[in-house]
Amino acid sequence: MVLSIPEKVNKLWDNWNIRGFIILSLSVQAFLILCAPLRKRRWGKWGKCLDILIWSAYLLADWIASVAIGFILSNKMKNSARSSDIQVFWAPFLLLHLGGPDTITSFALEDNEFWVRHLLGLALQFGSTLYVFMLSLSENKLWLPTLLVLIAGTIKYAERNRAFYLASFDHLGGNWVSSDWGDGIPIPAQLKNMDNQATFDFGDRSIIWSAVHHFGSIKRMLVGPFLSLNQCSDIRDTFLQEEDSTKVLRVMEIELSLLYEVLHTKLPVVDCRTGYVFRFISLVCILGALFSFWFFRKHELVLFDLLLTCVLLTGALLLDFMSVILLSYSDWMFVAHVQRMASFIDRENMVSTYISKRKRWSKVVSQLNFITYHTKDHPFGFQIVADFLHINSLLGPIKGIRCLSSKSFREDQEWHFIFLEVRQLNEFLIRILKDSSKTVLEAKEVWLCSRDRVLKSFKLPELTQIIAELDYTESLLTWHIATELCFQGADQPSASKTEDIDYKEVCKRFSDYMFYLAEMQPNMMAAVSVNWKTVFEATLDQTESLVPRSSVSNELDASRKILQLAINATADSGGKVKKSRSVLHYASKLASQLKMNKRDSFPWEPMSKVWVQLMCFAAINCRPNVHAQQPSKGGELLTFVWLFMNHLGLGTHFATHY
């Protein structure tokens, strides 16, 4: 039986399908232009919702334009009446929309790798639009504005394809390696003479220039170990001489912001002499189309079609204008053209204001902890539905999202502490290299040496015995649970009056952040926590067997019961624990040892050092291309740690140059 569609519905679809797709395509373009730059600053659950909307709009934009061109071609082949001429005029606007906004060319790095596919799409869509135009050429009174918009649309689409190619790793591997400075960015004379001196010696302006100066190094980190010994020494000395942790963070913020603009926008294509020429041609074509359409006998058109065409023409100009405004506010354009604006503005005041007020990433640290994860259950019936649909693998991430929270990133607390600890780690490793007469340290050797250095600061010999038999994954989960058990039942004050850093809160934030990365961002932790799922699930199962979630009222109650019952279970077994991947007994024993210490204050500071050491090891072992993805997702603290370590010469790319 064939389902018949009512005649009214068929007629409505035939009359409005092209018009509807045109309006939808223009709306999606406006949404992407306005919302795509917000990706760098998104955070939390609302940020993820915005990300889904941008991703959906990004995918829909190409599909809508392609389908609409197909409808126009189909209509033209079926009906050669003059009334379809206006639809032929709309077809190049869809090619213009396929070129996409300047503020987003790729949603993810993988999109850039498919530049050949996009090039084929350009050929097919251009061919379809040109074919529509040629079919109507003999009787089309709008041939001139149609041709002009076709030229503009082809330029925009070609720009997008070139942006894909320039940001692909095929191109990066050959071009970025041979480039010493930011592509297309003029470097002031002061900066070029700063190779042998600190880069922060002439005010806030140097923050921008220093970021550009070292941008070549971050580009090389993405494609291979192509840093020379002189470049390593230059970068390392620069960052070791600077004592202000906030300035160092600002430099890295700008570096990652420039990286985002190179990988995900049209800036490298537009901001060059060729780009300006083609942009001028595109603008002239759209203005020419607007004026030629103005003198067309518009009384022959339906009023709605006339209004829609005017909206398309003015919309093309407005969207271009909005793109120019948004791109001119980018770090790339600011650095490239601040020299030329010097005669018109007070550059010193402008740079100071720009640096102090510009927000380049989310500046939040996501938080997730084991105790909350254990105590929170799925909604009623959720498990049954998951079993029926065979989507049990999604239960963990869904539960993690429900337990997820975030806290603002405090530069004077968390970052300042990381800044000091990474510099101390650098000095410590240099001493090891000198004492051992080695030129290279293996990753495992670095891990063991740095771990032992931190454990000695506790002045508790029992700790080394507890931790020594654990690998990285087990250590991370052990320290996280121990930190949570200590934090929930802590009677100690957060910080003394003489301390500048609130070590208790810093330790808690680092602990929850690393647990969040291990559970919710496995791609960033893949190199160091390959057995995370096994260890985590075994620990969670043992916790549920000892302390069922139905028997606890809150996190404090759960922490006390877990600590007591885990210790009792170990004691009942005579101190011998059955062979299991669970680390609950290690965490409970560790928490007990920390609580029984004889120090004047609770060792929150050494525990914070443990977390920085765990964070550093994860950061430097995470693949560079994974770090490169983070600026488009709101930024991650781990990426800043990775970049800072590389600037200090602690990265894997610097190992052969020690």
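Q: Which residues are buried in H5?

A: This is a predicted model, in which local features need pLDDT of at least 70, side-chain atom pairs count only at pLDDT 80 or more, and totals for chains, interfaces and linings use all residues. Residues are numbered from 1 along each chain as its sequence is written, and side-chain values use heavy atoms, without hydrogens and water. Buried means under 20% relative accessible area, exposed over 50%, and partly exposed in between (1.4 Å probe, protein chains only). In H5, His118, Gly121, Leu122, Gln125, Thr129, Val132, Phe133 and Ser136 are buried.

Q: Why do the buried residues of H5 line one face of the helix?

A: An α-helix has 3.6 residues a turn, so residues three or four places apart point the same way. Down the axis of H5, the buried residues fall within an arc of 105° (directions from the axis to the C-beta atoms), so they line one face. Exposed Leu120 and Leu124 are carried on the face turned away from the buried side of H5.

Q: How many salt bridges are there?

A: A salt bridge is a side-chain nitrogen of Lys or Arg within 4 Å of a carboxyl oxygen of Asp or Glu; the count is 22. One of them joins Arg423 to Glu243, with the closest N and O atoms 3.2 Å apart. This pair links distant parts of the chain, 180 residues apart.

Q: Is Arg423 buried or exposed?

A: Arg423 is buried, at 12% relative accessibility, whereas Glu243 is exposed at 56%.

Technical notes
Helices (H or I, at least four residues) and strands (E, at least two) are DSSP runs, numbered from the N terminus.
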